[in-house]
Amino acid sequence: MSSNRGAHEGGGVGSETHTTYGTNLISNRNGAEEENQVEEAELKYGASHVIHLFVPVSLCMALVVFTMNTVTFYSQNNGRHLLYTPFVKETDSIVEKGLMSLGNALIMLLVVVFMTVLLIVFYKYKFYRVIHGWLIVSSCLLLFLFTTIYVQEVMKSFDISPSAVLVLFGLANYGVVGMMCIHWKGPLLLQQFYLITMSALMALVFIKYLPEWTVWFVLFVISVWDLVAVLTPKGPLRYLVETAQERNEPIFPALIYSSGVIYPYVLVTAVENPGESREPREPREQPTDTEGKFQLAVPSTSTGFAPAPDTGAKRAKVKRVAQKVQIETQSTSQGEGSGGNHELIRRYCVANSAKPTKYFDLNDLIKTVNITYKTGKEMDQITTVESKYVDVNNVPDTKGTVVTLSGSPGTHNDFKYMKSLFEEKNIRMICTNYPGSEFVTGGFHNSYTNEDRNSYMKSLMETLHLQKVNRLIIMGHSRGGENALQLTSQLSDSSSWPLVGAVMINSPGFAPHKGISKRMGTINFIISLIKQHNNTINAILHPILHWFYNNVIGLRVSHGKVAAAAILPMQTFAFDQQKQSIDDLRQKPRIRVFYGYGSKDFLIDEHQSNEVAMYFAKDNHFVITDKTAAEKASQEVRKSFNAGRKFATANFTKEGHFLQKTYPQFIVEVVDSMFEADTSKK
């Protein structure tokens, strides 16, 4: 999580901290030792980067050579030529051929220079839409028109005659996926594949339509131009890079090839006032490959990106922090104002030496049980599933038991950060999974409405004999928060359930949130396809949904079937009906509820969460900005529950959709205070 830290975390007044992910960790060093290590990192990066570029260049050349040797279309000269190569006269004179080829090459160079300068002008004045449109049109021509011609000629050469429908379907999918990967989001390897094939297609077009000698002259003049454009102080491409650095913006992916070292952002540097940070999305259950990527700040003497000499005005420090580098600039001059220029520090970091995050989960604690419950519109159908769950601290004389309900998608591992904390508090935690998860076998097609989900969870808790525990709290995250509220309301009607409270984490509001409101039509269409239960449809739809969840939304799912199951409950939110459950709990003196949310939740609008919080308790609401504020708030929540208050809410202003990961200590303290309040009442 990237953030600007305050004084309590070492920032202090007059300092500014910038955080980047996936970089090598460089500790504070001084003098020659620091400079030597930076130079060593630069050399390692340079060598690694060159090796990374060998692969795509070799693949592009191999594809061109293979095509030239197998497809005669690109090796035949039919007398046509490009508009900007007018000198195509047939002659046996070497001098004349050379002069005509040089003339063609210079004309092409002028075209390239003009287009490059035009691009720089557009970028300088922030005509981003014009640039995007330009690149999109170019990509469309390559991915659809040129690819269609290429496929047609390849099939002719190999005497392949598939159906027209199959070819059109394949080309359409190829083009659409390519446009998504290049201009939107997609796996890095897939983006690399498209960029390589597009480069090969352009090379084949030049080979076919350029005179033979002109090709070599064009290679030479373009190579010289690249050196001038990149290395000279006023070179246009250098200017583009430096401008992107100054604005802290990514360079358009269609313009560059990402070798895996810097993706999707080509250049990231420490700049003043970086703006708001963005929350991490779903905590990944598998080690991510961020250790395989790092960000690079290109030195530039013309813009001050090179390290400044040690004048005593500022002292730059690089703090060692797990999985990230913090670059802090701190003013030590009394005469320098707060608005003075901050020193910009570059670090070339080698990703292979970065320490990986230690991954853990709760899968070693999994237990299995068969659950039979009622489903269907009339709740008259019987469904049996094999369900896996985790039972932590199942020992005698605990303070109470917490049952966790995950979101959609979600698993028992969403609450893994609370395990040791609940054990310290002597609280039992049971982490469940809903049908549709990879940890539940069966119930995929008929367990997605609130009635189905609540019936399943009630049967699971009955099977685990939770009616016999001393105290019980139901905790839900995201989609599961709504079910936690409803179950607490329903089960607390019976004295046989020892319910004392509910905890709702990042739960939805009273109206469709931004994660689904603008996509409801698409969601309904996808759900209609899922409900067809057609193997052919599933074979196409599941991989798309799997990719979309993992790479676009950022929520990890194990495979396409789980992704499809996660979409089904999106159609059955209670939304405004949650008010009925809240009003019902107001009448039950033993029940307490905590509702927590993050201002930077990428799925649920802050104003909608505020609305729910105010409906619960306007005068017992806490605004939490950091760990210190969280500690104070947890003490106040404990006091309020002990004083007889029923509801407490909290807004974590710098957090996103996973409070159980970023603030597990606070949530455990809230649960412990609910058990304490119930004990003192008795």
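Which residues does Ser459 touch, not counting residues up to four places away in sequence? The contacts of Ser459 under that condition are Ile371, Thr372 and Tyr373. Ser459 belongs to helix H9, which runs over residues 450-463. With a relative accessibility of 12%, Ser459 counts as buried, because buried means under 20% relative accessible area. The model described here is predicted.

**The chain as a whole**

The chain holds 18 helices and 13 strands. It has 682 residues, of which 48% count as buried. Contacts between residues at least 6 apart in sequence were also sorted by separation: 78% of them join residues at least 24 apart.

**Annotated transmembrane regions**

An unreviewed UniProt entry carries the annotation "transmembrane region" for residues 53-74, 105-123, 130-151, 163-182 and 213-231. Two of these spans can be set beside the model. Residues 130-151 are 100% helix and 0% strand, and the C-alpha atoms at the ends of that span lie 30 Å apart. Residues 163-182 are 95% helix and 0% strand, with 29 Å between the end C-alpha atoms.

**Packing of H3 and H5**

Helix H3 covers residues 128-157 and helix H5 covers residues 188-209. The two pack at an angle of about 65 degrees, and their axes are 10 Å apart. Their crossing is left-handed. From H3, the contact is made by Ser139, Leu142, Leu143, Phe146, Thr147 and Tyr150. From H5, the residues are Tyr194, Met198, Leu201, Met202, Leu204 and Val205. By type, the residues of this contact comprise 10 nonpolar, 2 polar and no charged.

Which residues of helix H11 are buried? In H11, residues 520-530, they are Ile523, Ile526, Ile527 and Ile530. These residues cover an arc of only 100 degrees around the axis, so they are on the same side of H11. Gly521 and Phe525 are exposed on the other side of H11. The buried residues of H11 pack against H12 and against helix H13, which spans 560-567.

**Individual positions**

Asn551 is located in helix H12, residues 535-553. Its relative accessible area is 34%, so Asn551 is partly exposed. Beyond its neighbours within four places in sequence, Asn551 is in contact with Lys185 and Pro187. Asn551 and Gly186 are separated by 365 residues in sequence, while their C-alpha atoms are 6.2 Å apart in space.

Is Ser437 buried or exposed? Ser437 has a relative accessible area of 9% and is therefore buried. Ser437 is in the loop between strand E7 (428-431) and strand E8 (440-441). Leaving aside neighbours within four places in sequence, Ser437 is in contact with Gly410, Thr411 and Val562. The C-alpha atoms of Ser437 and Val557 are 8.7 Å apart, across 120 residues of sequence.

Glu386 is part of strand E5, residues 381-392. The relative accessible area of Glu386 is 32%, which makes the residue partly exposed. Apart from neighbours within four places in sequence, the contacts of Glu386 are Thr368, Val369, Asn370, Phe439, Val440 and Thr441. Glu386 and Pro435 are 49 residues apart along the chain, with 9.0 Å between their C-alpha atoms.

Ser581 lies in helix H14, residues 578-586. With 11% relative accessibility, Ser581 counts as buried. Not counting residues up to four places away in sequence, Ser581 touches Leu485, Gln486 and Ser489.

The C-alpha separations given above are listed together here.

| Residue pair | Separation in sequence | C-alpha to C-alpha distance |
|---|---|---|
| Asn551 and Gly186 | 365 residues | 6.2 Å |
| Ser437 and Val557 | 120 residues | 8.7 Å |
| Glu386 and Pro435 | 49 residues | 9.0 Å |

How values were computed: Residues numbered from 1 in each chain as written. Predicted model: local features only at pLDDT ≥ 70, side-chain atom pairs only at ≥ 80, totals over all residues. Heavy atoms only, no water. UniProt positions renumbered as here; feature names shortened; annotations may be inferred. Helix = DSSP H or I, 4+ residues; strand = E, 2+ residues; numbered from the N terminus. Buried < 20%, exposed > 50% of the residue type's maximum accessible area, 1.4 Å probe, protein only. Contact = heavy atoms within 4.5 Å. Axes fitted to C-alpha atoms, helices over the stretch in contact; angles between N-to-C directions. Left-handed = near helix turned anticlockwise from the far one by under 90°. Nonpolar A, V, L, I, M, F, W, Y, C, P; charged D, E, K, R; others polar. Arc of directions from axis to C-beta.
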